[in-house]
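Please look at the sequence and the model before reading on.

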Amino acid sequence: MDEQTGQRFIYQDDEVLDKEFDWGQVKRLGKYLKPYSRQILPIIITMMFVGALTKLLNPLLIAYAIDHALRDGGGDSKLLFQCVAGMLLLYIIQWAANSYRIRYTNQIGQKVIYDLRHDLFSHIQKLSFRFFDKRPAGSILVRITNYVNSLQDLFTNGVVNLLMDCVQLLGIIFILLAYNVKLGAAIIVTVPIMFIISTKLRVHIRRAWQVVQSNQSRINAHLNESIQGIKVTQAFAQEKENMDFFNNMNLSNHKSWNRASLLNHSFNPIIEVTGAVGYCILFWYGAHLIQQQEITVGLLVAFATYIGFFWEPINRLGQMYSQMLIAMASSERIFEFIDEEPNVPEALHAKELPYVEGNIELKQVEFEYEPGRKALNSIDLSVKAGESIALVGHTGSGKSTIINLLCRFYDSTSGSITIDGHDIREVTISSLRSQVGIVLQDTFIFSGTIRDNIRFGKLTATDEEVEFAANAVRAHDFIINMPQGYDTEVQERGNMLSMGQRQLISFARALLADPRILILDEATASIDTETELKIQEALKTLLAGRTSFIIAHRLSTIRNADNIVVLDHGVLMEQGNHEELMQQAGIYYGLIQAQYRFLKEVG
Ligand SMILES: Nc1ncnc2c1ncn2[C@@H]1O[C@H](COP(=O)(O)OP(=O)(O)OP(=O)(O)O)[C@@H](O)[C@H]1O
């Protein structure tokens, strides 16, 4: 519960509703169209002109038919037939041009969105941990999905419709003025009025829908969190409170939807009334001009049809304007991520880290996650190839931070870390990480088969290699007892596997990657003795011949380590093997005594 707001859950909106028009942003978005501009754009533009032209010619043909084929109450059936056939032909051409245009604009739109999503996701994959520390996963997700989707309309229809509508409007204005300047000018007066009403009203409608959208994304965030945390909710019997909170959200969503929908429905009648003013001017002034024999009845009918044509492009231009403003906000958010530089930059002339033995040196290493708060303070540590180092210390003492620096998830604020004499900031990140394997406490199991999850350590591994690795870490037995053995599908996060099984899979994954340096965050949860023994044996196989750092919780692991490093508030306080540290009777001694007391009490 947040004390200031009194809210049970706080969902911050990542949404910016809309943004001023920004040419720089439009140009940057336009670059995504460039690869397709030679290939597809000429077809689309040709189709657009053909479609607009055939549409604009039709009323003229009708006017011609009325004035010439239906003259004086009689008629010229042959001419009438020719006119109708001509109209039919124009409709067919218009239909064909439009369907081709829609097909190709959709293609371009999809390609652009694909490229944009690809750029965004591939860039996010490269960003450093610091980036993810600052942002909730939900907001990253929203940018990859919602914001990119909101640009889809702009690229699939917007750009081409904008051109088409401009061409259509200009075409109508030209025809009206060319056939009768006075009547044309009188009708055109309604265009700016319609345009202003359309854009102004749309602003309100758009805002109302955006409130709906942000309410919906809050509901989604809450749903996501509630489902993920369902076990905690039920364990603390908080279902009712959760339900009340959800009901409130649901109600505001319902109300905002009603408001937006009401505004939406008031739009068309208002525009129709403005359109009717145009018709009044036409018939009143047009009749007058017919009496004076300045125009024909056919032309009056044609003008009436053109007024009908006004509405569509003006409406769409208003819509397009709204879309553009939303696109400005979405693209700004997307580009903000694409422009984000990784906090762990690769040196300009970074070399490949050659195959290493695994000698590691930390010299005067300091680190701050936030300025002014040291998480590590002047750490000096020397590790020989093949040694196993147990990192121990109270919670928050800096154990994980040492590991984060070794893998270069963050760069140290000062001091240096070298592997076989190579400063890790001078080598490429991929060559470093390919030789440093990491097994986290919270083993991440991806949706897929067990085989695929192990193969994640080395994507090119054969089935035999996968099974060999699983066998070496004693995981083979439990895997072949699963319903489909190695091909058993496990869900995201491996919910159907036990804690120990997940650990063994992650060991197999690490063994397959065969790193020179292995980092292991030992699981804290207690497991049964049999599994514990299995894990200890698997560990021996995994650690053999590698330099290893273990955030150790189990006494057995700590005892077997070559060097135990004791941290306290980011300072290296003691180091040595188990016997040496016990003799010192310092922090380590205290920790071990506490663990013995605990084991005695529970056991
Ligand atoms: N991402 C982060 N942003 C800011 N501060 C952090 C971050 N991660 C850790 N810290 C802080 O750095 C200090 C060291 O944390 P670290 O995770 O290294 O401790 P630890 O010894 O691994 O603890 P534990 O045994 O509980 O995992 C702590 O004070 C912690 O609050």
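## Residue classes

In what follows, Ala, Val, Leu, Ile, Met, Phe, Trp, Tyr, Cys and Pro count as nonpolar, Asp, Glu, Lys and Arg count as charged, and the others, Gly among them, count as polar. The model is predicted.

## Shell around the ligand

By these classes, the shell around the ligand holds two nonpolar, seven polar and three charged residues. The residues around the ligand are Asp133, Tyr369, Glu370, Ala375, Gly393, Thr395, Gly396, Ser397, Gly398, Lys399, Ser400 and Thr401.

Two elements, β1 (360–370) and α12 (399–406), each supply at least two residues of this shell. The element that gives the most is α12, with three residues.

## The chain as a whole

The chain contains 21 helices and 12 strands. It has 603 residues, of which 30% are buried. Of the contacts in the chain with a separation of 6 or more, 80% are between residues 24 or more positions apart.

## The pair α10 and α11

Helix α10 spans residues 239–291 and helix α11 spans residues 297–338; their axes come within 10 Å and cross at roughly 160°. An angle over 145 degrees counts as roughly antiparallel, so α10 is roughly antiparallel to α11. The crossing of α10 past α11 is right-handed.

On the α10 side, the residues that meet α11 are Ile271, Gly275, Gly278, Tyr279, Leu282, Gly286 and Ile290. Their counterparts in α11 are Val297, Leu300, Phe303, Ala304, Ile307, Trp311 and Asn315. By class, this contact of α10 with α11 has 10 nonpolar, four polar and no charged residues.

Asp562 sits in the loop between α19 (555–560) and β11 (563–568). Asp562 has 15 other C-beta atoms within 10 Å, so Asp562 is partly exposed.

Leaving aside neighbours within four places in sequence, Asp562 is in contact with Glu387, Ser388 and Asn577. For Asn577, which is 15 residues from Asp562 along the chain, the separation between the two C-alpha atoms is 5.9 Å.

Definitions and conventions
Residues numbered from 1 in each chain as written. Predicted model: local features only at pLDDT ≥ 70, side-chain atom pairs only at ≥ 80, totals over all residues. Axes fitted to C-alpha atoms, helices over the stretch in contact; angles between N-to-C directions. Helix = DSSP H or I, 4+ residues; strand = E, 2+ residues; numbered from the N terminus. Parallel < 35°, antiparallel > 145°, perpendicular 65-115°, else oblique. Left-handed = near helix turned anticlockwise from the far one by under 90°. Contact = placed C-beta atoms within 7 Å. Near = placed C-beta within 6 Å. Buried ≥ 20, exposed ≤ 12 C-beta atoms within 10 Å, placed from the backbone.
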